[in-house]
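This report describes the fold of one protein chain and then looks at a few of its residues. Keep the sequence and the model side by side while reading.

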Amino acid sequence: MTDPTQALSFGAAAAEYDRFRPRYPEAALRWALAGLDAPARVLDLGAGTGILTRGVLALGHAVTPVEPDPAMRARLDAATPGVSALAGSAESVPVPDGTVDAVLVGQAYHWFDRDRAHAEIARVLGRGGTFAPIWNTRDETVDWVAELGRIAHLGDNSGDLTEQVTGFGPAFDPVEAAEFAHRTTLTPDEVRGLVRTRSYWLTAEPARRERVDRELRDLFATHPDLLGRETVELPYRTLVFRARRR
């Protein structure tokens, strides 16, 4: 599990997080939930402001969001009519044994204490249920996107997730993986807003924040792919890892 201070830093920017963070492509969600007829009972673990919850609801499933941060829960409830997030964590999930068909995790699995979380996820899943962590990762084969990551210390793209996510413990079948491409269209100000929802920014000292702001301004003022652009397309690779409960 990584730094808990960073893991619980997002509530201070809950509204901005909900506004600027990318959504999940429908194809990725359908692949994660393949074999489950709607309405399946889906648990969104580490649900944040409900970005993943709303994507799954749009597919016709019933979703129970679980989120430890009260500010994030409040934003989820306000932005998601008819849904109330439960207070809880991956290591202590507040639902009974065997009562959900799938557990999804959007952008949060890397914060978990994995051994404890895997046991809890197995407990709440019915036999044959699906566990699927999902990440939107920026496509840093694009030069300006790689530079954006360097400037803003966007560390979620560090390393190969397919090498890091190798199994979910003895209660689960082997992991399958799939990748989906999508893009979001943002203004330069919205890119800056996106950066300010990252844990690095939220926990940084003022001098580090000023440096990031300055280098972002320079990036948009000097990079040939960004000069004079009112909007830019930020490309993503959405990675999904899926395993069945034995």
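## Overall build

The protein contains 11 helices and seven strands. The model is a predicted one. A compact globule of 246 residues would have a radius of gyration near 18 Å, and the protein has 18 Å, which agrees. Taken along the principal axes, the box filled by its C-alpha atoms is roughly 55 × 30 × 30 Å.

Of the 246 residues, 52% count as buried. The accessible surface comes to about 11200 Å², and carbon and sulfur atoms account for 49% of this surface. Among contacts between residues at least 6 apart in sequence, 75% join residues at least 24 apart. The protein has 29 positive and 35 negative side chains; the centres of these two sets lie 2 Å apart.

## The sheet

In what order do the seven strands lie in the sheet? The order is β3-β2-β1-β4-β5-β7-β6, in an open sheet with mixed pairing. The edge strands, each pairing on one side only, are β3 (86-87) and β6 (176-186). In general, strands of a sheet pair through backbone hydrogen bonds, and the pairing can be parallel or antiparallel.

Two of the pairings can be followed in detail. β1 and strand β2 (residues 62-67) run parallel and are joined by five bridges. Here Arg-41 stands opposite Ala-62 in β2. β1 is mostly covered, with four of its five residues buried. Strand β4 (residues 100-106) and strand β5 (residues 125-138) also pair in the parallel sense, over six bridges. Leu-104 has Ala-132 in β5 as its bridge partner.

A residue counts as buried when its relative accessible area is under 20%.

| Residue | Relative accessibility | State |
|---|---|---|
| Val-240 | 0% | buried |
| Glu-91 | 16% | buried |
| Gln-107 | 12% | buried |

Val-240 belongs to strand β7 (residues 232-244). Leaving aside neighbours within four places in sequence, Val-240 is in contact with residues including Ala-28, Trp-31, Ala-132, Ile-134 and Phe-180. Ala-178 is another of its contacts. The C-alpha atoms of Val-240 and Ala-178 are separated by 5.4 Å, although the two residues are 62 places apart along the chain.

Glu-91 sits in the loop between β3 and β4. Not counting residues up to four places away in sequence, Glu-91 touches Phe-112, Asp-113, Arg-116, Ala-117 and Glu-120. Arg-75 lies 16 residues from Glu-91 along the chain, and their C-alpha atoms are separated by 22 Å.

## Backbone exceptions

Most residues other than glycine have a negative phi, and most peptide bonds are trans. Two places in the model depart from these rules.

What is the phi of Gln-107? The value is positive, about 65°, although Gln-107 is not a glycine. Gln-107 is found in the loop between β4 and α6 (114-124).

Pro-39 is found in the loop between α3 (26-32) and β1 (41-45).

Methods:
Residues are numbered from 1 along each chain as its sequence is written. This is a predicted model: local features need pLDDT of at least 70, side-chain atom pairs count only at pLDDT 80 or more; totals for chains, interfaces and linings use all residues. Side-chain values use heavy atoms; hydrogens and water are left out. Helices (H or I, at least four residues) and strands (E, at least two) are DSSP runs, numbered from the N terminus. The radius of gyration is taken over C-alpha atoms; the globule rule is 2.2 Å times the number of residues to the power 0.38. Buried means under 20% relative accessible area, exposed over 50%, partly exposed in between (1.4 Å probe, protein chains only). Contact means heavy atoms within 4.5 Å. Accessible areas come from the Shrake-Rupley method with a 1.4 Å probe; for residues, only the protein chains shown count as cover. Lys and Arg count as positive and Asp and Glu as negative; His and the chain ends are not counted. The place of a charge is taken as NZ of Lys, CZ of Arg, CG of Asp or CD of Glu. Two strands pair if DSSP finds at least two bridges between them.
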